[in-house]
Amino acid sequence: METAIRIKDLNVFAGKTQILNDINVEIPKNEITVILGPSGCGKTTLLKCMNRLTDLYPELKVSGEILINDKNIFAPGADISKLRQSMGLLSQRPYPLPMTIYNNIAYALKLRGVRGRRKLHLLVMDYLKQANLYEEVRQRLREPASRLSIGQQQRLCLARGLAVNPDIILADEPTSALDPISSRFIDEKFQEIKPHFTIVVVTHVLRQARRIADNVIFMYMGEVVEQGPAKEFFENPREEKTKSYLEGMFN
Amino acid sequence: MYLLNRHQRHVVNYSWMLFSLLIIAFLPFMLFGGLYFKSFLLLKTHTLKDLVFSHSWHPSRGEFGFYPFIVGSVWVTLLAIFISTPICLLTAINVTQYAKKRFLRIMHPVIDILAGIPSVVYGVWGILVIVPFISRYLGPWFGVQTMGYSILAGAFVLSIMIIPFILNIMIEIFRAIPTELKEATLSLGTTKWQMVKHVLLRKALPGIIASVGFGLARAFGETMAVLMVVGNVIKVPHSVFDPGYTLPALIANNYGEVLSIPQYDSALMFAALILLAVSLFFNLLMHFFIARYNKY
Amino acid sequence: MKRTLKAEETFFRVLMNLTTAFILIILGIIIYSVFEKGMKAMSWEMLTSVPSGGYYYGKGGGILNAIVGSLVLAFGATILAFLIGLPVALYMNVFLVRRKRLVNLIRFILDLIWGVPSIVYGAFGFTLMVLVGLQTSLLAGIITVTLFILPIMIRSMDEILRTVPMGLSEATYSLGSNKSELAFKIFTRQSVSGIITAVLLSFGRAIGDAASVLFTAGYTDNLPNSLMEPVATLPLSIFFQLASPVPEVQARAYASALVLTVIILIVSLFSRGLGKRYHKTKINF
Ligand SMILES: Nc1ncnc2c1ncn2[C@@H]1O[C@H](COP(=O)(O)OP(=O)(O)OP(=O)(O)O)[C@@H](O)[C@H]1O
Ligand SMILES: [Mg+2]
């Protein structure tokens with residue numbers, strides 16, 4: 001089993017408070033890794049470290065290493081745009097770009113270097129189909145994306161995330177704002193595309209974790225308590241904290 | 001201890017509030033009604049078209065052509081907006097996207113002070129700095145003989161005056177853009193500049209337009225500072241170095257003489273009515289524009 | 001492609017820094033030139049005496065009439081606007097909380113009249129004055145300036161009051177208070193700092209505006225002694241002195257501008273300081 005992301009001694013401080021404490025994690029390639037943990041334990045922060053969105057918050061001090069393809073993403077001179085392009089991000093709520101539906105995807109394609117109107121058009125249609133959105137929007141491609149429903153917007157964001165042609169998909173509670181059908185679709189989509197991507201999903205919902213996880217990372221108060229294959233994690237947790245979490249003590 | 005019992009106090013408080021509210025609610029109508037009523041004398045003998053498009057301003061002969069004043073006001077206002085919009089936009093982007101957070105805390109008092117400086121003080125500053133600058137350097141540089149008191153001087157001073165107003169709105173607009181949208185954009189692999197140019201600017205565009213519209217409405221009615229530097233010559237200006245005259249300045253400069261000629265008085269109130277109408281129109285327009293955009 | 005983007009960003013960042021610096025420098029220049037020119041003509045006599053005969057031809061005297069006049073007028077207008085404004089702001093946020101559309105309509109009207117230029121208030125005030133047979137006077141000036149600062153006062157208070165949490169009203173009702181008690185006792189106490197800021201902001205506007213008092217307050221060389229008599233104001237005294245052909249008188253205009261600027265700066269300093277201090281007594285939820 002190959003490792004896609006290797007995190008070594010990652011610490012994150014916001015001023016004096018420590019948000020992440022000595023994180024050491026390995027995320028296997030072409031599998032779904034679920035990050036679990038109670039609210040405020042640092043899941044989102046960990047995810048944001050992976051594509052260096054932490055750079056946006058000057059108050060956060062990050063130290064340690066995150067190795068992707070054996071390259072430290074925090075090394076000076078790392079190409080951050082390229083790094084981020086190799087990861088598609090799906091956030092808690094959909095944030096469509098303030099453009100038309102078509103351009104939301106075309107913009108991502110152009111960023112990755114796709115040129116030519118015909119080629120763009122074909123690819124846009126392809127990604128819309130992949131996100132199961134094509135049928136619903138093919139009449140309204142030139143409308144502002146913000147007019148779509150939340151569920152449709154999230155699928156658009158999925159299409160957009162795939163359109164940058166990433167190796168890794170980072171998803172932060174991607175279904176928490178969605179209706180059951182859209183949620184279901186996203187879950188199934190992850191299963192379907194798993195062979196081609198490394199997928200990291202943050203979630204609150206144990207049921208969802210059980211359904212999709214190949215691996216689980218369980219966090220508590222900024223630390224990784226337990227990590228490993230999902231089957232073991234759910235059936236045979238090693239740590240006390242994990243057990244009580246699985247029994248629903250924290251919720 | 002109290003003169004009235006609890007219930008009576010409630011009634012007094014309540015009626016007081018309601019009365020105050022009524023004053024406010026009727027104020028715009030009273031403003032409009034009062035000024036319209038006073039302009040009536042003029043409107044009775046002159047058509048609106050005459051008033052707006054005639055060049056000849058001779059109150060003693062009963063000729064009231066507002067054209068030079070309207071043109072003067074429009075020039076000064078538009079020039080001021082052209083100067084301050086890019087300055088505000090670039091500064092707002094700088095302060096909200098590039099500069100350290102601490103800097104915004106410096107910028108806020110700066111904006112407050114600029115906004116608080118009285119109009120006459122801007123006028124004084126214009127006379128001290130801008131007017132000599134134009135007559136000594138800018139004019140000769142363009143090969144123009146000018147006293148400095150000109151449309152351009154008015155526009156310069158006005159542009160500085162509306163900077164705090166427009167900048168404040170623009171900063172709020174950029175700050176209101178959710179961080180998550182920035183994260184979503186950057187995660188597609190854009191550089192910071194691409195994010196600003198392609199996404200933030202577009203997201204902020206309705207707000208930017210509205211802020212400029214509000215600034216325009218504000219600039220159009222600004223009186224004292226412009227009056228002090230614009231030259232006050234009743235002539236349609238042909239270049240920005242020409243002196244001009246604005247509608248607010250017309251009112252402010254002539255209030256003393258009006259009582260002798262009733263129509264003159266009426267004409268000045270008509271000028272005020274135009275200012276009121278322009279202000280209400282632009283503010284209404286921008287409000288509806290924003291309301292419409294917020295639906296998306 | 002990448003390189004042109006980089007160049008473009010660099011170009012615009014330089015431009016951004018220039019415009020930001022421009023604004024800071026302009027503020028510096030304004031303050032500096034007003035201080036520099038103003039200090040030259042500034043004297044104790046300027047601040048403590050009224051114009052003597054021939055003041056406007058360069059003879060002795062000062063602008064005490066305008067300083068006191070401006071302060072009195074601005075105080076009067078601020079108090080009047082406060083008496084009308086606070087109830088309106090309270091009414092909107094206590095009695096009309098559940099009628100969002102109505103409140104928004106009122107806000108909308110207030111924003112509209114906030115945008116009306118002060119010269120229009122001046123013209124309107126003049127009309128009103130003539131209508132009721134009032135002469136140019138302190139009273140007429142106060143009324144006009146009150147109309148002019150009312151929307152500023154109400155909207156700034158409103159922005160503060162609307163942040164008072166609903167839970168507080170519920171708690172107060174459960175103690176058996178009626179609505180106006182809730183409004184005047186609880187809401188005002190909870191928002192003291194914001195209300196002070198709003199008042200000071202309005203005071204600053206009131207004292208700095210010239211166009212609204214031009215027609216209505218008149219001008220006089222005496223100190224104000226009656227509501228019914230004209231009153232001098234600083235902005236107008238600056239304006240009139242500048243119009244004089246005598247250089248000494250013009251120089252005094254600069255000194256007067258300095259006085260006005262200093263008053264404004266003090267007011268704005270106060271509003272920052274007080275605003276911060278009173279925040280501490282506020283209950284945080
Ligand atoms: N920029 C920041 N500045 C200061 N503190 C922060 C910052 N970002 C996050 N935190 C703090 O770090 C902790 C972890 O936040 P994070 O968002 O990673 O939690 P989470 O596990 O994603 O929670 P949730 O499940 O509620 O989304 C929280 O206590 C939060 O308040
Ligand atoms: Mg989170």
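This is a short chat about how a few labels and numbers for this structure come about.

Mentor: Before we start, this is a predicted model, where local features need pLDDT of at least 70, side-chain atom pairs count only at pLDDT 80 or more, and totals for chains, interfaces and linings use all residues. Residues are numbered from 1 along each chain as its sequence is written, chains are lettered from A and ligands numbered from 1 in the order in which they are written, and side-chain values use heavy atoms, with hydrogens and water left out.

Trainee: What makes a residue part of the surroundings of ligand 1?

Mentor: A residue is near a molecule if one of its heavy atoms lies within 4 Å of it. Here 14 residues surround ligand 1, and Ser39(A), Gly40(A), Lys43(A), Thr44(A) and Thr45(A) are the closest. Helix α1 (residues 43-50) of chain A gives the largest share of that shell, three residues; a helix is a DSSP run (H or I, at least four residues), and a strand is one too (E, at least two), numbered from the N terminus.

Trainee: How do you know where the domains of chain A are?

Mentor: The bounds come from an automatic or database domain assignment. That assignment gives domain 1 (1-70 + 80-86 + 168-251) and domain 2 (97-165). Their C-alpha centres lie 27 Å apart.

Trainee: What is meant by the area buried between chain B and chain C?

Mentor: Buried area is the accessible area (1.4 Å probe) that two parts lose on being put together, summed over both. For chain B and chain C that comes to about 7100 Å², with carbon and sulfur atoms giving 79%. On the chain B side, Met17(B), Ile24(B) and Trp193(B) lose the most area to chain C, together 10% of what that side buries.

Trainee: How many helices and strands does chain B have?

Mentor: Chain B has 11 helices and two strands.
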